[in-house]
Amino acid sequence: MASATATYSLVNSYQGSSFFNDWAFYGSFDNLTNGDAIFVNSSVATSSQLAYVNSAGNAIIKVDNTSTVLFNDKRNTVRIASNDRYSVGSVWVTDMLHVPYGCSVWPAWWSQAPAWPAGGEIDTFEGVNLVTNQQMGLHTDPGCTQVSPVQTSTLINSTDCSYLTNSNQGCIVTNPAPTSYGADFASAGGGVWITEFAETGISIWFFPRASIPSSVASTATSIDTSTLGEPVGNWPSTGCTIDTFFAAQTLIFDITLCGDFAGNAAIFNETCTGVCYNDYVVGSGANYATAYFEIHHPKPSHPPQTMPSLSTVRVSNASYKPTYIPTAVFVGGTSGIGAAMASSFAHVTNGNANIIIVGRSRSAGTSLIATFPSPPASAKHEFVEIQDATDMDQVQSLTQTLVSAFPSINFLVLSIGYLNLGGRDETAAGIDKGLAVSYYSRWKIIKDLLPTLTAARGTGQDVSVLSVLAAGEGAKIDLDDLGLKKTYSIGNSMGSGPTYTDLALEKFASTNPGIRFTQSFPGLVRTQVLRQTHWLIRPILSLIMAIMATSAEDSGEYQLFALLDGITGDGVSKTQGGAFRCGPKGDDLHGKAYFGDDEAREKVWKHTEETIAAATNK
């Protein structure tokens, strides 16, 4: 069997204007494969136009083809690696319109574990010089071989995957399709590769543009690999126990020059003449006009997750041991999930933190603070009042107070609630109150506090923002009526807030690298929100909550887990900055009920700026 019968939910993370946000640039010469190349850092790649998004919305990664390189120097190019890693049970679907080719050019789209050769390497696409067919394969510790593959290619170069065999040749399969590389690939309009990283084995499919299955369309949010037919290359677990030889993979695009493969005289002379470095790298860059990737997207999936137990979550939260005094702001922290999170955070830090509770009830806030471990003289536990979070002027006054008192903030939690089961209820500025609390006020708080968040990040401290709302419960939005003036309904209001939040957090993340922005969905939780419902239905809802809902205390632990995901407090996070969506137990929701794209993101952002400006007369 070529692959496990499985449907994977795809995460559309790397596409459009934000493509490069979640990748790390290598920033050094090629000390890995002895290439005559310098893998530039992000700033050089951007300023030299070696990595950018073109007018079609596709990512370009290229070799410098404008500079003259002197003898003994190397030519600039790019290598990027994903911040995220993808473990066994993942798939990545990659749509490219052009791949690099030309004499001395050695491009690859591949993945590897951090401690390679331990954890293995998967080469989805690799080409060299002017060959007409790409190759694919694996590189591992000794003991992994390709045995009895179910695949369409009969061009098996080698079956021993060990990096110690044949100078790390790997177990390589050549793609028989001439449209898989070079000029023929480009003239055919490119194509799609699908890599399945499963316990039953590793499989790679290739489809030229004209043959891409409808199930792999760019708008697809899931893929069933059992419908794809036989892969081009297949490495079953019968010859290579996947869990033994492979670990979570970092995705990598790179283009090097000459080096161990393209510069090998025997390989170079098969399709090129002269001397690799002397005749191509040195001198004019004219040879590299075709040495670029044009990528529409890689769409990776994550494997199904095992939900952590409450005890596991508590242990994880307790492992947060900051080497600095963190500052945490809990907006909506006087009751419910926010209060539970604040209490847990206070006990995790043993009170050794600046903790600011923001809410309407001063008595509730001060009573909560009284339950915290006493802070040292160097820390503060304070209450800051806001009576109406639907009023943008009051929100602005709040943020001004916070910025003045706390120039550096590490954690920002937004859990203010508002429940309206009636008709549209507007603020004095004409904003729907439901959206004012679920979205607009939260956006403004984040926007106004960004200087304090970036200040903390600038000192190497961890920074995380969590909006407790309804991640994965959003709806498609009307870009012509974002204020819901014409199309208001309770459902539209409740569905729009999570989608607006998804798009806004992505925008915040794209311009504030290193800061983690998360929207969460806590699920059904026993909080005081029932007080806002009609007295006739309150008993029924109370019964449902008693039977099915999570306590605010337990939910608070899970939400703190989402806030602190991968953060230990030593300034070295296990996770990177970016935009995330998580469920009731801190689980990654991936693409569930996601309705974003570049157009929607920009329109929502512009609409929000205009709405807030009008509401605050600024």
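Trainee: How much space lies in the largest cavity?

Mentor: Keep in mind that this is a predicted model. The structure holds 2 cavities of 30 Å³ or more. For the largest cavity, the space comes to about 50 Å³.

Trainee: Which helices each supply at least two residues of the lining of the largest cavity?

Mentor: Start with the lining itself, made up of Y439, R442, W443, I446, S467, T501, A504, L505 and F508. By class, those residues divide into 6 nonpolar, 2 polar and 1 charged. The helices that each give at least two of the lining residues are helix 11 (433-458) and helix 12 (490-511).

Trainee: And how do the residues lining the second largest cavity divide by class?

Mentor: That cavity has about 30 Å³ of space. Around it sit L10, V93, S215, V216, A217, A220, H297 and K299. Sorted by class, the lining has 5 nonpolar, 2 polar and 1 charged residues.

Trainee: Moving on to the cores, which residues touch the most other members of the largest nonpolar core?

Mentor: In soluble globular proteins, nonpolar side chains tend to be buried together. Here the largest nonpolar core has 60 residues. I61 shows what that looks like: beyond four places in sequence, I61 touches F20, L50, V78, I80, F253, I255, A291, Y292, F293 and I295. There's also a second, separate core of 47 residues, including L450 and L503. Back in the largest core, the members touching the most others are F19, I61, I80, M96, F246, F253 and F293.

Trainee: Is L228 buried or exposed?

Mentor: L228 is found in the loop between strand 16 (222-224) and strand 17 (233-236). Leaving aside neighbours within four places in sequence, L228 is in contact with I194, W205, F207, P213, S215, V216 and I223. S215 is 13 residues away along the chain, with 8.8 Å between the two C-alpha atoms. The relative accessible area of L228 is 9%, under the 20% cut-off, so L228 counts as buried.

Trainee: Last one: which side chain is joined to that of T174 by a polar contact of 3.0 Å?

Mentor: T174 lies in strand 13 (residues 171-174) and is buried, at 14% relative accessible area. Not counting residues up to four places away, T174 touches N133, Q134, Q135, S153, L155 and N157. The 3.0 Å polar contact runs from the side chain of T174 to that of N157.

Notes:
Residues are numbered from 1 along each chain as its sequence is written. This is a predicted model: local features need pLDDT of at least 70, side-chain atom pairs count only at pLDDT 80 or more; totals for chains, interfaces and linings use all residues. Side-chain values use heavy atoms; hydrogens and water are left out. On a 1 Å grid over the protein atoms alone, a cavity is a set of points where a 1.4 Å probe fits but cannot get out, and a pocket is an open set with protein on both sides within 12 Å along at least five of seven lines; lining residues have an atom within 4 Å of a point. Grid points are joined across faces, edges and corners, and a volume is the space filled by probe spheres set on the points. Helices (H or I, at least four residues) and strands (E, at least two) are DSSP runs, numbered from the N terminus. Ala, Val, Leu, Ile, Met, Phe, Trp, Tyr, Cys and Pro count as nonpolar, Asp, Glu, Lys and Arg as charged, and the others, Gly among them, as polar. A nonpolar core is a set of buried Ala, Val, Leu, Ile, Met, Phe, Trp, Tyr and Cys residues joined through side-chain atoms within 4.5 Å. Buried means under 20% relative accessible area, exposed over 50%, partly exposed in between (1.4 Å probe, protein chains only). Contact means heavy atoms within 4.5 Å. A polar contact is a pair of N or O atoms within 3.5 Å; within protein, one must be able to donate a hydrogen and the other to accept it, and residues adjacent in sequence count only if both atoms are side-chain atoms.
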